[in-house]
Structure formats: C-alpha cells, structure tokens
Amino acid sequence: MKKLILIPAALVIAVVLFFIVRAKHEVESEKSVNIKVEENIVSDADVKKEAQTDAVDTPSSTIFKKIAEQAWLKIPKKSELQKLSSEEVHQAPKAMREAALVLGDMAQLIHDKPEYQREGFEFYEKCAHESEYPMSIRAICLSGYRKMAKALGSETKEDNVPQQVRALTNRIDN
Amino acid sequence: MSEVAAAKAIVVTDPSRVEAKITSDVPSEAKALLLKDFTRLEKTLIKDSRSEATKIFGLPSINRSSLINWLNERVQYIVSDRFIDMEKIQNGILPSHLTVLSDEHNFENKNELPDVLRPEGQARSVTLKLAENFGAQLYLIGKATNSLFGLLIPGGEDYLSVATPRIGLLGVGQNLFQDWMKENIRFQDKSLKGELDSLLATEYRLGIIFHEARHSDGNGRSLGFFHVKCPVDHDYAGQFACDSSLNGAYSIGGAYLKLASQACDDCSEKEKEVLRVFSLDAFSRVLLSKRTRVSEEETLHRCEDLLKGNQQLPSECFYNETPAEFWDASPEGVRGK
C-alpha cells in the first residue's frame with residue numbers, strides 16, 4: 001500500500017523538478033539572447049532614430065562612425081573564412097551574414113541621409129581596396145563607392161581593385 | 001506491402017504555386033516557415049528579360065511562373081535532414097526505408113560519373129547541413145554502385161524508385177530555421193519593421209532551396225552539379241564550396257537572390273543590400289576558369305627565358321587556364337521519356 005502511494009508521489013516530484021529545471025534553462029537562454037542584443041552596438045532603432053533627426057551635427061557624426069567601426073569589426077578576413085568547416089561555408093557563413101547586416105545599416109543610413117555620402121565614399125573606397133577582405137565584400141563596397149562617386153560628381157580610382165572584384169560588382173549592378 | 005512507384009518522368013506543375021510536399025518528419029514550426037516562404041515566392045513579382053538569369057536557369061524568360069515551375073520540376077519532397085544518414089549509406093548501411101530494387105538497372109551514361117566521385121576529384125563530402133539534396137546523392141551512389149534504390153518517403157505507402165536525380169528529395173536541417181532566429185534577434189524590433197521581420201530569413205531560405213534544386217539536374221559529368229574544391233587564392237580556399245560550371249547551384253542561388261533584391265518592393269535599403277551581399281557571396285564561388293597544372297617540362301619550355309633571369313614566374317608558367325562553361329543540365333534517367 002505504502003509503495004502504491006510512494007510511486008505517484010515520486011512521479012509528481014519528478015514532473016515538478018523537470019518544470020523547474022526547464023524554466024531555469026529558459027530564463028538563462030533569455031539572458032543569453034539579451035546579452036547578444038546588447039552586443040549589437042548599432043541597433044536598427046539607432047539607425048532609424050538617426051534617420052529621423054533633421055540636422056546632422058557634425059560632418060562625421062556619431063552614428064556614421066558607429067556603423068563604420070562596427071563594419072570594420074564585423075567584416076571577416078579571407079583567412080578567417082578559410083578556417084571554417086565545410087558545413088559552415090556551404091552557404092554564406094555567419095560571419096558574412098553579420099557583415100552583410102552592418103553593410104545594410106550603412107546603405108540604409110546613406111539612403112536616408114544623403115549628407116553622409118562623402119563619408120560613405122571614403123568608407124567604401126577603403127573597403128573595396130582592402131586586399132584581406134573577401135571578394136563579395138569588396139564587390140559590394142565597390143558598388144557603393146561607384147554610387148557615392150556618381151552622386152558627388154567624383155571619380156573612382158579602381159586600378160588597385162582586382163578584375164575579379166570589378167566583374168562581381170558589374171554582375172550585381174547590371 | 002509496398003509497390004514501386006515510377007519516378008515522375010515529366011512533371012506537370014501548377015506554375016502559380018510551389019508544389020513541394022513537406023513530409024511529416026519536418027517539425028511543424030519549420031513547415032510553417034517553409035510554407036510562408038513559398039507564399040512569398042508565389043506573390044513576388046519577379047521579372048527579368050536579361051540574358052544572364054535566363055541562361056543560368058535555362059529558361060526563355062524569367063518571371064514568377066517560370067521560376068515556380070522550374071522549382072516544382074526539381075523539388076518534389078522536403079524531408080528532415082535526419083531522414084537519411086548519407087555517410088552510413090556511403091558505407092553500405094541502408095536504413096529500413098531505403099532498399100535496393102535492382103542491381104541490374106541500366107543507368108544512363110553508366111561509366112560517366114561527375115568529378116566528385118573520380119579519384120582525381122579528391123572529393124569525399126558532398127553533404128551540407130542547412131539543407132541537402134538527398135535525391136541527387138542517392139542517385140549518384142546508386143549509379144556508382146550499380147544499385148537502383150527504392151525509397152519510402154515519410155507518410156508514403158510506395159517505394160519511390162531513385163532512377164533519376166529529379167526525384168527531387170531535399171533534406172532540411174534545423175539550422176536553416178534556427179540560425180536566423182538567433183542571429184536576427186534585432187529584426188524582431190517591432191518598432192522598426194513589423195511584419196517584415198523575417199523577410200531576409202525567408203529570402204535566404206528560398207535562395208538555399210533554389211540552390212539545392214539545381215543539384216537535381218545534370219547527366220554524366222554534370223550529374224548533380226556537385227561542388228568542387230575552391231582554388232588556393234579563393235576566399236573559401238580548400239573547401240568544396242565552389243562551382244566549375246557557369247550554371248551550377250551557386251549561380252542559381254546568386255541569381256535568385258539578385259532577382260529577389262530587385263523585385264522586392266517591400267524591402268528597405270538595408271534588406272536589399274543584405275540580399276545583394278548574399279548574392280555576391282554565391283556568385284563569388286563560381287570559378288570563371290579552370291586551372292590545370294602543366295608538367296615541369298612544359299613549365300621549362302614555356303618560361304625558359306624567365307627562369308634564366310632568375311625572375312619570379314607568373315602563373316601562366318605552371319597552369320593552363322580554360323574558361324568555364326554552361327553545362328548541360330538535362331537530367332539523367334528521364335531524358336527522352
């Protein structure tokens with residue numbers, strides 16, 4: 001009889017323990033997500049806030065600098081890509097996707113605030129000429145460099161940009 | 001119990017909707033996302049009359065219907081990536097849902113295999129983790145071992161005969177869905193993008209589905225359009241993450257993402273730019289020429305003068321370069337039927 005009571009009691013305790021452990025795990029997962037969000041120095045909200053501001057305080061304002069800094073930080077080097085596993089590189093790897101998001105922030109900001117075209121021109125020029133960067137990143141930067149140059153009535157210097165990168169840019173822009 | 005169903009030789013599809021069957025082993029959340037992705041494809045007004053995309057897809061014109069039809073011909077079933085353990089099958093261990101229907105099947109181009117299986121191809125892994133084309137891999141293994149496989153799809157009653165790479169069986173992994181969820185937490189900022197939160201994730205997945213669909217094509221050496229090792233100076237040097245044809249899976253994925261970025265009326269500048277980077281990443285893996293090493297004797301012959309001058313030798317001294325080509329994509333096993 002005692003046994004009959006003990007077995008369901010043990011089951012109830014086990015179920016309760018399971019839910020406690022799971023709840024704790026969920027709280028911890030949430031924490032890690034929150035930490036991750038905080039790590040994204042430039043948030044979409046930042047970009048939006050900046051886009052809504054009427055005046056640009058200085059020629060090189062904080063938000064542009066923030067995005068540029070983030071971009072230099074996030075863009076992977078070729079040598080880093082080459083260390084990834086075959087599974088990771090079968091499609092655009094995480095490092096590329098993160099870099100793409102920051103470059104997207106850059107494109108959005110310049111689109112919303114054409115006042116940043118000069119800074120954009122300089123950023124894209126430097127990025128397109130960086131030989132350590134993957135071809136796709138250099139190609140998107142070259143595309144931006146050309147766009148900024150056109151908007152500003154400037155010329156681009158592409159002599160030191162490899163033909164493969166120029167061909168990729170032509171491919172995405174045409 | 002089961003009878004053998006013939007592989008569909010000619011697929012008649014409804015070009016207004018994606019017809020791939022998502023089987024019961026795919027988790028319901030993933031299934032819901034895939035269906036949402038397909039709905040987006042069905043609603044996006046993609047149009048392109050330029051030669052690049054039409055040549056890559058092998059279509060006379062690119063529009064929503066022609067693209068959906070193209071996909072329907074190549075993707076029949078989407079299963080969980082756990083459905084098949086390709087490594088075990090390569091080692092001759094077959095799961096209960098896979099059987100050998102015949103070891104006397106008359107495979108087309110019997111003695112012609114893609115480089116990926118040739119000794120000099122050095123290839124081992126043709127698998128991937130976000131998604132993979134099981135159909136093409138099973139057909140290739142079957143052909144290489146002279147075994148016609150029969151496959152019981154989850155929820156199916158009959159064995160499907162794997163007599164063509166066009167069986168169109170794609171496996172999708174959890175990473176295809178979770179990765180973006182975790183990384184794109186910032187896109188869940190409702191104040192900014194509302195219902196567009198997962199637009200990039202959707203287009204990214206569709207790009208992968210189109211990429212995988214291309215592996216359902218090819219014959220002889222082009223069979224499966226399997227990837228090749230990226231050369232030493234490439235971003236992904238040493239990995240099987242490049243294509244040596246101009247219309248392989250990376251070209252398809254890149255072309256789709258480019259089309260998607262151009263057709264995306266509801267995309268922000270940021271989203272368009274991100275899709276363009278993804279497209280470029282795919283295009284950058286298409287090798288525009290193939291290098292083959294020449295003999296030492298040939299190097300001496302070619303660059304004798306430079307060698308005498310003790311100068312650094314250019315790559316022309318060591319390699320022959322042949323331009324890449326568009327491969328014949330017509331699939332084995334169903335041609336002429």
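B:Trp70 is buried in this predicted model, with a relative accessible area of 1%. B:Phe57 also counts as buried, at 2% relative accessibility. Across all chains, the structure holds twelve aromatic pairs, and these two residues make up one of them.

**An edge-to-face pair in chain B**
- The ring centres of B:Phe57 and B:Trp70 are 5.1 Å apart.
- Their planes meet at 80°, so the pair is edge-to-face, a label used for angles over 60 degrees.
- This pair links distant parts of the chain, 13 residues apart: B:Phe57 belongs to helix H2 (residues 51-57) of chain B, while B:Trp70 belongs to helix H3 (residues 64-74) of chain B.

**A stacked pair in chain B**
- With ring centres 4.6 Å apart and planes at 10°, B:Phe210 and B:Tyr256 are stacked, because an angle under 30 degrees counts as such.
- B:Phe210 sits in helix H8 (residues 199-214) of chain B and B:Tyr256 in helix H9 (residues 249-263) of chain B, so their pairing ties together parts 46 residues apart in sequence.
- Both B:Phe210 and B:Tyr256 are buried.

**A cluster in chain A**
- One aromatic cluster is formed by A:Trp72, A:Phe123, A:Tyr124 and A:Tyr133.

**Charges over rings**
- A:Arg171 lies over the face of B:Phe283, 3.8 Å from the ring centre.
- B:Arg214 places its charged end over the ring of B:Phe225, at 4.9 Å from the centre of that ring.

Definitions and conventions:
Residues numbered from 1 in each chain as written. Chains lettered and ligands numbered in written order. Predicted model: local features only at pLDDT ≥ 70, side-chain atom pairs only at ≥ 80, totals over all residues. Heavy atoms only, no water. Phe/Tyr/Trp six-rings, centres within 6.5 Å; stacked < 30°, edge-to-face > 60°. Helix = DSSP H or I, 4+ residues; strand = E, 2+ residues; numbered from the N terminus. Buried < 20%, exposed > 50% of the residue type's maximum accessible area, 1.4 Å probe, protein only. Lys NZ or Arg CZ within 6 Å of the ring centre and 35° of its normal.
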